[in-house]
Amino acid sequence: MTQDSAHPPKARLVLRVGITGHRPNKLGEPGTATYKAVERAVRDALLAIKTSLHGIAGTVALKEVYADAEPLLRIISALAEGADRIAAKEAVAPYSELQVILPFASDEYERDFKTDASKDEFRALMERAKAVMTLDGTRAAENRSYRAAGRMMLRQSDVVIAVWDGEPAESDAGTGAIAAAALSARIPVLWINPSLPDLGARRLTHIKDPVRDPAPKAEDLTAKDVDVLLARLLFPPQVAEHDSGQGKAGREWHAYLKRTWPRWPLLGWAYGLWASLWAWTWLGLGISLPTRAEREDVPWPGPADGLRDEAALRSLEVAKKNNKHLYDYIKTQYLWADQLANYCARQFRGAYVLAFCLAPWAIVAAVLHLSKAKLVIVAVIVVVVVAAAWHRLHARWLACRGLAEQLRQLRILAPLGRAPAQDTGPDSERSWADWHFRAVVREVGLVSANLDEGLRKALAEHVVQELVKDQINYHEVTKERARRIAHTLHWFHYLLFGLTFLVVALQVPYSFCVFGIDGAGWAIVFSAFGGASIGLANQGEFERIAHSSKAMEAQLRDTLRDFQDLPDVPSVTELGDRAERTAALMLKDVLGWRALFLTRPLEPPA
């Protein structure tokens, strides 16, 4: 994960393959003909995936956007006897790795394995595992525990290999049920039927009812089909194998990955000064942004000073120490996206404030017959608007902000083994920021942790709640600032309307001239400044932002109370579901104002 620090880090090309399948009671014991045939089928399927992965990794489009490292095939397994271990044994360094999900603590899980040889094999594979996540399952809820491990595997997988006989599942934790859940989540499933292992892996397309009547349907799978499947998962949006990435989407991710750390938004002063005046609060000129060292010095997440439970604190510190490289990587990705979002936002806002504030002065110059001054002002407006459009400040701000917020949510999702559902839809449905985020998620993979009661308590009270509190403070400040700006613009507009009405009314009985401008001229000037204030209000959408932040603040406070009112330490599943809902709530807010501001690109003031 170490890369050139001069540019945003590229993600390593990683493909995650999950395995679900029967144990020896349905495959036969190791060494039997059926078991060996299944081993060959699994090995062939993984070899086909690995061959395709290394093949497409050599294309120009992928070399430019992924890190300069060999592609990695990651196998996600629970290490149960049978199919899980067959696949796990194929994870051989340096270009493959094994990550493990245990439904129970390892000593309890070993009770599933009857022979010493099986237990030794399990321990040997555990030693090879790059990461191990231990869930909070119990024997009292054995089926639910196996189901939770299966669902966790799906969350960590891009492709699933299912070794399944096609028969009804004995429970919702059975292989057929997990395969059906994968299809529902739009995760490609390669099906190996142990009754017909010589057919090899086929693309599973449909399961009617995994428990009562599966009636599975599948299609033959060729090497070309595997290439197409992986290309849809791994290629950037709107980039075909022969494309050099010069289309619209291609330019965007090329521009992002080649940026340097921005420090000086030259137009930021305009918005900073203007917003300070209209919000009645000094916000700073905004002519500089923090250095990278300054931002990296801020702990992320911060120290757990408020965590009083010693066991929870110890569990959290162990998890942070064991996964420091992952947390540092997520933080680095977030800091780059957030810094670039802040830079583009200040430049864009400064551009529209400058353009709308200068426009009425061009009218003043015209009324005073100052032709040269008028031309200079208009020229400056044109340069500002064209430069903002040329550099795509508006689109890049929104894309980088969306990416930064997704990475911020990964801070609370990753420790719980959660990740956004895999999108396998057409490439045109994905943005470059969404693609880059998913590449980061694939590289991060599974966090190595024992999700015992102490760690769950620490995650609930410190990591999740602290982020919610931080967002509550943000929306509280944003709400008040936007409300003040909207209120001031509203009354300023009415003041200018009143002055326009006054000078028009006075012009009828009287003829006057002030500062070289007659009554009609003053009416034009006041109207121009009034129009500019309306333009600024519409461009900034301050009223909507104030209402949106107020509503989001209230929802986040309800979310925080829900966490604080939990009577007991939640299970991994419950805490994960709550964290996902919290992250979805915050992302919904971002997507809401992103959709709003996409309709507000900078245009020349009329």
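**Close-up 1. Residues around the second largest cavity.** In this predicted model, the second largest cavity has a lining made up of Glu252, Ala255, Tyr256, Arg259, Leu340, Cys344, Arg396, Cys400 and Trp432. The space inside the second largest cavity comes to about 70 Å³. Sorted by class, its lining holds 6 nonpolar and 3 charged residues, with no polar ones. For context, the count of cavities of 30 Å³ or more is 5.

**Close-up 2. Helices that supply the lining.** At least two lining residues of the second largest cavity come from each of α10 (248–257), α14 (324–367) and α16 (393–413). Of the contributors, α10 gives the most, with 3 residues.

Close-up 3. Helix α17 runs over residues 432–444, 13 residues in total. From first C-alpha to last, α17 reaches 18 Å, close to the 18 Å expected at 1.5 Å a residue. Buried means under 20% relative accessible area, and 13 of the 13 residues of α17 are buried, so the helix is largely enclosed by the rest of the structure.

**Close-up 4. Asp518 and Val367.** Asp518 sits in strand β11, residues 517–518. Its relative accessibility is 40%, so Asp518 counts as partly exposed. Pick out Val367 as well: the C-alpha atoms of Asp518 and Val367 are 9.2 Å apart in space, while the two residues are 151 residues apart in sequence.

Notes: Residues are numbered from 1 along each chain as its sequence is written. This is a predicted model: local features need pLDDT of at least 70, side-chain atom pairs count only at pLDDT 80 or more; totals for chains, interfaces and linings use all residues. Side-chain values use heavy atoms; hydrogens and water are left out. On a 1 Å grid over the protein atoms alone, a cavity is a set of points where a 1.4 Å probe fits but cannot get out, and a pocket is an open set with protein on both sides within 12 Å along at least five of seven lines; lining residues have an atom within 4 Å of a point. Grid points are joined across faces, edges and corners, and a volume is the space filled by probe spheres set on the points. Helices (H or I, at least four residues) and strands (E, at least two) are DSSP runs, numbered from the N terminus. Ala, Val, Leu, Ile, Met, Phe, Trp, Tyr, Cys and Pro count as nonpolar, Asp, Glu, Lys and Arg as charged, and the others, Gly among them, as polar. The expected span of a helix is 1.5 Å times one less than its number of residues. Buried means under 20% relative accessible area, exposed over 50%, partly exposed in between (1.4 Å probe, protein chains only).
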